[in-house]
Amino acid sequence: MKMSKNSLFAFLLAMVLAFALAACASEPDSSGEPAGDADGEDTEAAEGAEGGDLVIATLSDAVSLDPASSNDVPSSNVIANIFETLVYQNEDLELEPGLAEDWEMIDDNTWEFKIREGVTFHDDSELNAEVVKANFDRILDPEVASPRSFLIDMVTSIEATDEYTLQLTTEYPFSPLPAHLAHNGLSISSLPSIEADQEAVAGGGTPGASISENPVGTGFFKFEEWNPGTAVKLVKNEDYWGEPAKVDSVTFSVVPEDLTRIAELETGGAHIIFPVSPSDVTRVENTPEVSLDRTNSVSLSYIGFNMDKEPFDDERVRQAISMAINKEGIISGILDDTGIPAVGPLAPDVFGFDDSVEPLGYDTEAAQELLAEVGFEDGFSTTIWTNDSRERMAIAEYVQAELAKINVDVSIEILEWGAYLEQTANGQHDMFILGWSVVTGDADYGMYPLFHSSNVGEAGNRTFMQDAELDEILEEARQTADEETRLGLYKQAQEMLVEDAPMIYLYHQEYLVGLRDEVQGFWKHPNGTYMLHDVTIN
């Protein structure tokens, strides 16, 4: 990959490589073509028999197959296998070429990307700089209202300087930009599909609906069909610009019940299942012809409060509820120790995490004192929402029992996944259980979308936190290139977020995937993406 000789760029690039810990899509080799295993070397997967139909049983269906419209893991896992991004990050956390062959920093605020030549989309249209520009313009279009826009909202100018050269100018120096471009929310759709979507919107349609119904990317799989609530099927792209996928097709089958997914794995009805419930780990490990894949994550599991609703508009109530929940009890009793307690929003491997930040701690007596201080000596009634995840439902029941000890009466409501995301984005909840994966591995992505007031709702801020001082800190942190300054600002932000308690920071999970022994070449990225390019079924 071509790199600028400018010393400032070299410094900034070193920073990016140091703290960009996660990404989306497949791993390319040094030539820029997808290849090999997680270590970049040939494995048994390359020697295994090609062909066959790979079946992955998952908990939840995708919500949208438009990269600009989705903001959830089930959608991202499908999108990452249809579309591609300009930049990739491999499992070694290094930035590598994707649809951009190379890139360089022209000055403090200008980046130049050389777009790969000879790449065609699944509709046979060609990739060039104007197509990429159209994708990024669409992401930033207020009428589209993309929940991914914060990824490049610092970009003030997008220019195709020639057929295969794109220049991005930012409002301020933003060193994590290449890592942001590896996020599958910035995957590149074909120009005809964008134009068809725009035409549908002009006729009264919803932005992204047309692309979601017929997603067209450049990836090694292409879309075949989607039966909502049942399955999404992709087929091998025989005309892929790099090395084609090894299986003929992949089906993402929606199987909400944990034990049904286990049975599918045991009988061969599914080759891969996710998630495996921690309580089912022993069963999977003791099943012949089946194995368990474990991957550490950069994700956060949390219980969010609606700060726009009483009584959660008072930080003392939020602190009291936080202090009444024993995280260790959740990790040991529900997760079978497949996670680590969270202090704040950032996992230890994320750039910006500070181990000196002190948690609120588990203290039911102090919690009761805080409630009494607010006038809730006798407690109050509230509701906690969850989707139909087995762990989340168990956590809801645990929280219900724990809060009863401080006279807080909690009702549990279980919602369908799509409705759950929509209604929490609209602020219809009291408390809710959800997660967030820090895809870029940088604190900016771990806090800016979750807590900045500009991202209230679908973009990520479902606690409806709006704090001018925190906004200023997060803005300053993303506008400075100095690493030590950024770390200091993120420490300050984490301390504020622990004190303000917009959510209960529960744990950082370990991904548990069930695999049939005939499956080779599969791995799961720390951001949660299924890496399927090299999978074979022997």
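Reader: Which residues of helix 13 are buried?
Author: In this predicted model, the buried residues of helix 13 are Glu 391, Arg 392, Ile 395, Ala 396, Tyr 398, Val 399, Glu 402 and Leu 403.

Reader: And where do they sit when you look down the axis?
Author: Seen that way, the buried residues of helix 13 fall within an arc of 165 degrees, so they line one face of the helix. As background, an α-helix has 3.6 residues a turn, so residues three or four places apart point the same way.

Reader: What span should helix 13 have, and how far apart are its end C-alpha atoms?
Author: Helix 13 runs over residues 390–404, and at 1.5 Å a residue its 15 residues should span 21 Å, which agrees with the 21 Å between its end C-alpha atoms.

Reader: Switching to helix 10, how many of its residues are buried?
Author: Seven of the nine residues in helix 10 (residues 315–323) are buried, so this helix is largely enclosed by the rest of the structure.

Reader: OK, pockets now: how much space lies in the largest one, and what lines it?
Author: The largest pocket holds about 390 Å³ of space, and its lining has 22 residues, with Val 63, Ser 69, Ser 70, Pro 147 and Glu 458 nearest the centre.

Reader: Which helix gives the largest share of that lining, and how do the residues divide?
Author: Helix 14 (residues 417–425) gives the largest share, four residues, while the lining as a whole divides into nine nonpolar, nine polar and four charged residues.

Definitions and conventions. Residues numbered from 1 in each chain as written. Predicted model: local features only at pLDDT ≥ 70, side-chain atom pairs only at ≥ 80, totals over all residues. Heavy atoms only, no water. 1 Å grid on protein atoms, 1.4 Å probe; cavity = no way out; pocket = protein on both sides within 12 Å on 5 of 7 lines; lining within 4 Å. Points joined across faces, edges and corners; volume = space filled by probe spheres on them. Helix = DSSP H or I, 4+ residues; strand = E, 2+ residues; numbered from the N terminus. Nonpolar A, V, L, I, M, F, W, Y, C, P; charged D, E, K, R; others polar. Buried < 20%, exposed > 50% of the residue type's maximum accessible area, 1.4 Å probe, protein only. Expected span 1.5 Å × (residues − 1). Arc of directions from axis to C-beta.
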